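Let's take a guided walk through a protein model. Keep the 3D view open beside you and look for each residue as it comes up.

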Amino acid sequence: MAIKTSFLLAYVAILLILALVARSEAGGIAIYWGQNGNEGTLAETCATGNYNFVNIAFLSSFGSGRNAMINLAGHCDPYTPNGCVNVSSDIKSCQSKGIKVMLSIGGGAGAYSIASSADASQVATYLWNNFLGGKSTSRPLGNAILDGIDFDLESGEGPYWGDLAKYLARYSKIGKKVYLTAAPQCPFPDACVGGALKTGLFDYVWVQFYNNPPCQYNSGNFTSFQDSWNQWISSIPAKKIFLGLPAAADAAGSGFIPVSDLTSQVLPAIKGSAKYGGVMLWSKYYDDQTGYSSSIKSHV
């Protein structure tokens with residue numbers, strides 16, 4: 001009886017180890033939150049259990065002498081003193097679940113640019129003191145310490161985004177690691193953040209395979225998508241590359257992939273990549289409408 005019991009325990013232990021290994025190799029889901037007041041709170045977003053990363057969108061104004069300003073649509077009023085500090089408890093709730101919460105800088109409708117290396121240093125200092133591990137009397141999201149900065153740069157071309165990444169990365173040496181992520185467009189190299197990605201400082205890169213017909217998925221021409229994916233994973237020195245997608249057909253001008261196509265064709269073709277990290281979705285609001293993340297979670 002003792003021998004059978006010990007054998008059973010050893011067998012169970014092996015199964016647990018295999019399950020942990022499989023989980024560690026599985027992909028995750030990143031989501032953007034903050035641009036629609038009808039998408040629920042940040043805490044509710046993390047409570048779904050569907051997401052591994054949440055990008056708070058956006059710090060839409062910064063650099064070149066501008067006053068930095070966060071824009072969270074209908075969630076809070078950043079123009080009122082301490083108008084968005086209540087988000088702090090939600091950030092901590094997400095982090096307690098093991099979810100990394102990033103501040104996404106940029107966006108499609110922001111006013112931002114970096115004028116020089118010195119300007120990049122100033123912006124990095126601002127981000128550190130107001131959102132990361134530094135100290136400030138006017139932290140827009142309260143005292144929660146975010147996990148890092150997401151570069152969602154769709155304008156403000158220039159040679160200094162890489163400097164910003166370098167200055168931010170240095171803060172990892174004096175405190176909690178500062179994760180760096182980015183959301184480039186799929187045409188390679190990305191016109192805005194392409195140079196910064198060459199620094200090798202980015203942990204996760206979620207490539208936007210939408211609103212870009214030449215490289216996004218098309219059931220009639222799978223090769224162009226696969227070639228683009230292969231170029232990204234072979235050319236960018238990041239830890240993991242994610243497939244960025246709209247969570248609903250009306251979340252983007254083009255590039256929506258039906259769940260059946262994603263799970264039967266696209267994911268099986270890219271999950272074998274050593275740098276495959278999972279799927280990024282735009283955005284929580286649209287995901288609420290379709291249940292997209294729930295439908296793909298077990299396949300990612």
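This is a predicted model: local features need pLDDT of at least 70, side-chain atom pairs count only at pLDDT 80 or more; totals for chains, interfaces and linings use all residues.

You can find Ser 283 in the loop between strand 10 (276-282) and helix 9 (284-290). Which residues is Ser 283 in contact with, leaving aside its neighbours within four places in sequence? They are Ile 31, Tyr 32, Glu 39 and Ala 247.

From Trp 282 to Ser 283 the peptide bond is cis, and its omega is near -5 degrees.

Most peptide bonds are trans, and most residues other than glycine have a negative phi.

With that in mind, look at the peptide bond from Ala 57 to Phe 58, which is cis with omega near 0 degrees. Phe 58 has its place in strand 2 (residues 53-62).

Next come two residues with a positive phi. Ala 73 is not a glycine, yet its phi is positive, at about 50 degrees. Asn 82 is not a glycine either, and its positive phi is about 60 degrees. Ala 73 is found in the loop between strand 3 (69-70) and helix 3, and Asn 82 also lies in the loop between strand 3 and helix 3. Are these residues buried or exposed? Ala 73 has a relative accessible area of 34%, so Ala 73 is partly exposed. For Asn 82 the relative accessible area is 58%, so Asn 82 is exposed.

## The disulfides

A disulfide is a covalent bond between the sulfur atoms of two cysteines. How many disulfides does the count come to here? The count comes to 3 disulfides. If you number the bonded cysteines of the chain in sequence order, the pairing reads 1-4, 2-3, 5-6.

Let's start with the disulfide that joins Cys 46 to Cys 94, with an S to S distance of 2.0 Å. Cys 46 lies in helix 2 (residues 42-47) and Cys 94 in helix 3 (residues 87-96), so this pair ties together parts that are 48 residues apart in sequence. The torsion about the S-S bond of Cys 46 and Cys 94 is about 95 degrees, so this disulfide is right-handed. Cys 46 has 2% relative accessibility and therefore counts as buried. Cys 94 is buried as well, because its relative accessible area is 0%.

Another disulfide joins Cys 76 to Cys 84, with 2.0 Å from S to S. The S-S torsion of Cys 76 and Cys 84 is about 95 degrees, so the disulfide is right-handed. Both Cys 76 and Cys 84 are buried.

There is also a disulfide between Cys 186 and Cys 215, again with S to S 2.0 Å. The torsion about the S-S bond of Cys 186 and Cys 215 is about 75 degrees, so this disulfide is right-handed. The pair links distant parts of the chain, 29 residues apart: Cys 186 is in the loop between strand 7 (179-182) and helix 6 (194-197), while Cys 215 is in the loop between strand 8 (204-208) and helix 7 (222-235). Cys 186 and Cys 215 are buried. Cys 192, by contrast, is in no disulfide, and the nearest cysteine sulfur, that of Cys 186, is 14 Å away. Cys 192 has a relative accessible area of 8%, so Cys 192 is buried.

## Where helix 4 meets helix 5

Two packed helices are described by the angle between their axes and the distance between the axes. The axes of helix 4 (residues 117-131) and helix 5 (residues 161-170) come within 8 Å and cross at roughly 45 degrees. Helix 4 and helix 5 are therefore oblique to each other, and their crossing is right-handed. On the side of helix 4, the contact is made by Ser 117, Ala 120, Ser 121, Val 123, Ala 124 and Leu 127. Helix 5 contributes Asp 163, Leu 164, Tyr 167 and Leu 168. By class, this contact of helix 4 with helix 5 has 7 nonpolar, 2 polar and 1 charged residues.

The buried residues of helix 5 are Trp 161, Gly 162, Asp 163, Leu 164, Ala 165, Leu 168 and Ala 169.

Key
Residues are numbered from 1 along each chain as its sequence is written. Side-chain values use heavy atoms; hydrogens and water are left out. Axes are lines fitted to C-alpha atoms, for helices over the stretch in contact, and angles run from 0 to 180 degrees between N-to-C directions. Helices (H or I, at least four residues) and strands (E, at least two) are DSSP runs, numbered from the N terminus. Angles under 35 degrees count as roughly parallel, over 145 as roughly antiparallel, 65 to 115 as roughly perpendicular and the rest as oblique. A crossing is left-handed if the near helix is turned anticlockwise from the far one by less than a right angle, and right-handed if clockwise. Contact means heavy atoms within 4.5 Å. Ala, Val, Leu, Ile, Met, Phe, Trp, Tyr, Cys and Pro count as nonpolar, Asp, Glu, Lys and Arg as charged, and the others, Gly among them, as polar. A disulfide is a pair of cysteine sulfur atoms within 2.5 Å. Buried means under 20% relative accessible area, exposed over 50%, partly exposed in between (1.4 Å probe, protein chains only).
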